[in-house]
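Dear colleague,

Please find below the structure that I am handing over to you.

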Amino acid sequence: MTTTEIGAQACYVYGIVAADAPVPDGLRGLDGAVSKVQHRDLAAVIGDLPRSRSIGNRSDLLAHEQVIDSIAATTTILPMRFAAAVDSPQGLIDEMLEPYQDQLVNALEELSGHVQFTLHGEYDHDAVLRELLTQDREIARLRDDISKLSEDASYPLRLQQGELIVQALERRRVVDAQQIHGALDRYAAASTEHELGTPSDVIDTAFLVEESRQARFERAVEKVGEKYAGRVRFRLLGPLAVYDFVPRM
Amino acid sequence: MSVASQQQSGGYIDRPANRGLADVIELILDKGLVIDAYVRVSLVGIEILTIDARIVIASVDTYLRFAEATNRLDLYAHGGKDLPELTEEMTHNGAKGKASGVLDAAKDKFDEAIHGDDEREPERARRPRRKERAE
């Protein structure tokens, strides 16, 4: 550690920007105002954090995101992972900005001019289950059998049918996700697929998009939405900071 | 570099202008730069959350829910207004994907952890769960 005196305030770090990058005035962070500490070609976006304070509640998470994405609206920021705090601004320089200078500068240069979009798509249950019932004989046959049995007696059949449904959804998802990627990947510089949460999820992917292609990417997403209207519900977040694309240090 | 910040809502895509807690958790959890110089700040709930947010619903339960929803589906109804409760429940669980069913569970534990600290537990217990919004 440094010889800096340890005060009552720790230093919360939101992200790393270029030294001359603008940071909007009046940003409020987890615990008050947000400021910048510069070192050579880099600057860190920081704020005070009382050393005794626990963090991790709802407003802390929202504040972290809001600071980062407000900055991302005007400049490239490498977001820090939530809950990054160091002893002091000088400590941040000594332990991060100086030793990782080259890597951070390179990462900023590479990601400069890019934003992230996160697309989540999920099957409309009614529509897709109805399709399965009309297209899959086995699932339909099981439905008839189950309807004739008591709840207890139909348990194994329901389990079997449910498994078939989940498998059918999975096969469908592979095809649909491929088509969606086929329509969008050409407008993106990179993409990261997230683990899907439920069998009815179709896609959950972060796309890194060059700003000059942003409008085209957004139009392409809209077209995908139109194509799948009534079958898949899409939710698009962004433009965002490049959360999913910061390199590991 | 500047990002057009208009959040025009196209006809087919949901583009929320305000991000709720579930969205934010999805966005920032486990993402971003990590360095080894951190002081230990005391975290509330985060560890619990990282683990729970990754749990995928157990398969037997999933199979039964899908079977039930399918079997209660009225094949000839197209309005979908009188759909069975369970389908609705499933849709609710699924509608926001990870952001709802699974994450809600995580969020509950998470809130518990937070509000336990804040002594706000009794108030919270009476509050009906609703969708959280950023502002």
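The following paragraphs set out what was found. Please bear in mind that this is a predicted model.

I begin with a sheet that draws on both chains. Five strands make up this open sheet, in the order β8(A)-β9(A)-β7(A)-β10(A)-β1(B), and their pairing is mixed. β8(A) and β9(A), the latter spanning residues 201-210, run antiparallel and are joined by four bridges. Within this pair, A:Glu193 stands opposite A:Thr205.

One residue of the sheet deserves a separate look. A:His120 is located in strand β7 of chain A. Is A:His120 buried or exposed? It counts as buried, because A:His120 has 24 C-beta neighbours inside 10 Å, and the cut-off for a buried residue is 20 or more. A:His120 also lies 8.8 Å from A:Ala206, C-alpha to C-alpha, although 86 residues separate the two in sequence.

Two helices of chain A come next. Helix α6 (residues 155-184) lies across β7 and β9 of chain A, at about 15 degrees to β9(A). Helix α7 (residues 214-227) has 14 residues and reaches 20 Å from its first C-alpha to its last, close to the 20 Å expected. Its buried residues are A:Phe217, A:Glu218, A:Val221, A:Val224 and A:Gly225. They cover an arc of only 115 degrees around the axis, and therefore sit on the same side of α7(A). These buried residues pack against β7, α6, β9 and β10 of chain A, and against β1 of chain B. On the face turned away from the buried side are the exposed residues A:Ala215, A:Arg219 and A:Glu226.

The largest nonpolar core has 87 residues, and A:Cys11, A:Val45 and A:Leu92 are among those with the most contacts inside it. Beyond its neighbours within four places in sequence, A:Cys11 is in contact with several residues, including A:Ile46, A:Leu49, A:Ala85 and A:Leu92.

Finally, chain B contains six helices and one strand, in the pattern β-α-α-α-α-α-α along the sequence. Of its 135 residues, 30% count as buried.

Yours sincerely

Technical notes. Residues are numbered from 1 along each chain as its sequence is written. Chains are lettered from A and ligands numbered from 1 in the order in which they are written. This is a predicted model: local features need pLDDT of at least 70, side-chain atom pairs count only at pLDDT 80 or more; totals for chains, interfaces and linings use all residues. Two strands pair if DSSP finds at least two bridges between them. Two residues are in contact if their C-beta atoms, placed from the backbone, lie within 7 Å. Axes are lines fitted to C-alpha atoms, for helices over the stretch in contact, and angles run from 0 to 180 degrees between N-to-C directions. A nonpolar core is a set of buried Ala, Val, Leu, Ile, Met, Phe, Trp, Tyr and Cys residues joined through C-beta atoms within 7 Å. A residue is buried if 20 or more other C-beta atoms lie within 10 Å of its own, exposed if 12 or fewer, and partly exposed in between; C-beta atoms are placed from the backbone. The expected span of a helix is 1.5 Å times one less than its number of residues. The arc is that of the directions from the helix axis to the C-beta atoms.
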